[in-house]
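Here is my friendly note on the model you passed along. Please have the structure open beside you as you read the numbered points.

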Amino acid sequence: LHRVGVGVVVTGGSLLLGSTFETLGPTGKLLIGYLVTVSLLGGGIWLERKEKYSLYGKALIGGGWALGYFTTFALHFVDAVRVIDQEVWGLVLLGLYTAVMIAYSLRYKSELVTGIAAILGVVTIELSSVSLFDLTAILLLTVFVVVCCTRFGWFYLGLFGALATYAVHLQWQFPSSPELYSTPFWGSLFLLGGYWLLYLVPAFFAAPKTETEGTLLQGINLVNVGSMVIALVHLSATQDLRFATMLILGALYVGWATLANKRDLRTSYLTFSTFAAGLLIAAMAFRFTGDTLALTWLLESELLLALGLLQREKYFRLLGYIGLGLSLGVLVVFGGSAGTFAVFAAVLYSNRILGTRLLREEAKQNDVAATDLFTYAAGFLAASALWKWVELEHLAPAWALFGVFVLAIGIKAGINHVRYQ
């Protein structure tokens with residue numbers, strides 16, 4: 001309840017600053033904002049020293065920092081109280097205030113205070129009419145959140161900070177009415193790039209000490225890439241750049257995965273590898289359809305399987321199998337030519353015959369089971385290719401010859417499932 005009360009006070013203060021009460025004027029509103037800020041900070045610091053009221057004090061301190069941030073933000077960015085005309089000076093003052101907040105958090109190390117200050121800071125800015133420069137203020141708050149998350153391992157703060165940051169940005173980028181859409185492409189791209197790079201920092205420099213902290217860190221990564229993709233796909237649609245955007249983002253995650261592997265950060269390595277594979281596969285859907293899309297996904301899946309074989313990494317092989325499933329799904333939904341069916345059949349049979357042999361004693365039961373399952377799809381596709389290629393009166397002999405061929409391969413390779421087919 002004490003946190004709710006502080007939230008109400010801060011929200012009320014921000015609404016007062018943004019209101020158009022003529023009697024107070026800009027200077028009067030700002031003085032009230034800073035007076036309440038000092039009162040909250042002073043009262044919070046005094047109460048925090050008393051063990052019985054420590055939580056109340058921390059809530060007040062967090063609320064004080066948040067209201068002070070919004071009041072500083074209002075010096076230029078809120079029309080009703082604007083006293084600084086130049087945007088540069090408005091941002092400089094916000095930067096200085098953010099630096100003071102960071103210094104306080106680094107000294108007193110209170111996640112509660114920092115969390116209340118950061119979240120209420122975002123909320124109060126959201127209550128104003130959000131513009132491109134307003135979001136720059138949230139970018140500064142993001143620096144504050146990331147520094148504290150990385151330095152102290154405050155992963156709850158990082159996760160909720162990422163959610164709040166992207167929520168405000170997406171709300172700005174997706175207006176309630178299409179007629180209101182006027183998102184500047186390069187400005188939005190700059191902000192998204194800033195958020196994305198900042199929330200990558202904990203993945204490389206924060207050190208989770210428990211399983212819960214590791215899960216929260218992965219949550220931060222997931223929110224970061226998911227929100228980034230949603231915003232970029234929507235933004236790049238206006239420039240017809242969705243394919244290039246997804247391709248570039250996927251390539252960047254390949255680089256981050258490589259860096260994580262070199263730093264021996266296995267969890268981040270696997271997470272970024274997953275993002276890279278997903279983005280590169282998704283990119284092709286924005287450029288190709290039908291047979292071309294299926295074959296492109298087949299190629300990407302085989303590259304993942306090959307990488308998994310070379311590095312003895314079962315997770316990459318799992319991603320490859322998922323990619324193969326998606327490729328087959330395209331054929332089921334959209335159909336395909338006889339040539340495409342034949343290519344798929346040859347590749348899927350080769351995966352079983354050659355792929356598991358390359359693993360030798362390291363071959364896992366799951367790999368054998370997966371490739372066995374795909375051989376049935378290969379048999380069906382090969383039979384379908386013959387049905388498309390061969391005239392009806394010659395179809396039965398063609399299928400019979402194919403059956404003998406598959407039986408011979410199954411016997412020679414010692415693969416029961418191929419013999420059954």
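1. Let me begin with D264, which is exposed at a relative accessible area of 69%. In this note, buried means under 20% relative accessible area, exposed means over 50%, and partly exposed is in between (1.4 Å probe, protein chains only). D264 sits in the loop between α10 (242–262) and α11 (266–285). Its phi is near 60°, a positive value in a residue other than glycine.

2. A word on what you are looking at: this is a predicted model, in which local features need pLDDT of at least 70 and side-chain atom pairs count only at pLDDT 80 or more, while totals for chains, interfaces and linings use all residues. Residues are numbered from 1 along each chain as its sequence is written, and side-chain values use heavy atoms, with hydrogens and water left out.

3. Now the overall picture. The protein has 17 helices and zero strands; both are DSSP runs numbered from the N terminus, with helices being H or I of at least four residues and strands being E of at least two. Of the 421 residues in the protein, 49% are buried. The accessible surface comes to about 21,000 Å², and 67% of that belongs to carbon and sulfur atoms. These areas come from the Shrake-Rupley method with a 1.4 Å probe, and for residues only the protein chains shown count as cover.

4. Contact here means heavy atoms within 4.5 Å.

5. Two salt bridges are counted, each being a side-chain nitrogen of Lys or Arg within 4 Å of a carboxyl oxygen of Asp or Glu. In one of them, the side chains of E313 and R266 meet at 3.0 Å, N to O. This pair links distant parts of the chain, 47 residues apart: E313 is in the loop between α12 (290–310) and α13 (314–334), and R266 is in helix α11. E313 is buried, with a relative accessible area of 8%, whereas R266 counts as partly exposed at 47%.

6. R352 and D372 also join their side chains in a salt bridge, at 2.5 Å, N to O. Here too the pair links distant parts of the chain, with R352 in helix α14 and D372 in helix α15 (residues 365–389), 20 residues apart. Both R352 and D372 are buried.

7. Staying with helix α14 (residues 338–359), have a look at A342, which is found there. A342 counts as partly exposed, at 24% relative accessibility. Leaving out residues up to four places away in sequence, A342 touches A385 and W389.

8. What about disulfides? The structure holds zero of them, a disulfide being a pair of cysteine sulfur atoms within 2.5 Å. C148 is in no disulfide, and the nearest cysteine sulfur, that of C149, is 8.8 Å away. That distance is too far for a bond. C148 is buried at 0% relative accessible area, and C149 counts as buried at 1%.

9. On the surface, V88, W89, V92, L93 and L96 form a nonpolar patch with about 470 Å² of accessible area together. Patches are made of residues with over 30% relative accessible area and no salt bridge; like charges are joined within 9 Å, and nonpolar side chains (Val, Leu, Ile, Met, Phe, Trp, Tyr) within 5 Å. W89 has its place in helix α4 (residues 87–108) and counts as exposed at 51% relative accessibility. As background, an α-helix has 3.6 residues a turn, so residues three or four places apart point the same way.

10. Helix α7 (residues 155–173) is mostly covered, with 14 of its 19 residues buried. From its first C-alpha to its last, α7 reaches 27 Å, close to the 27 Å expected at 1.5 Å a residue. The expected span is 1.5 Å times one less than the number of residues in the helix.

11. N221 counts as buried, at 2% relative accessibility.
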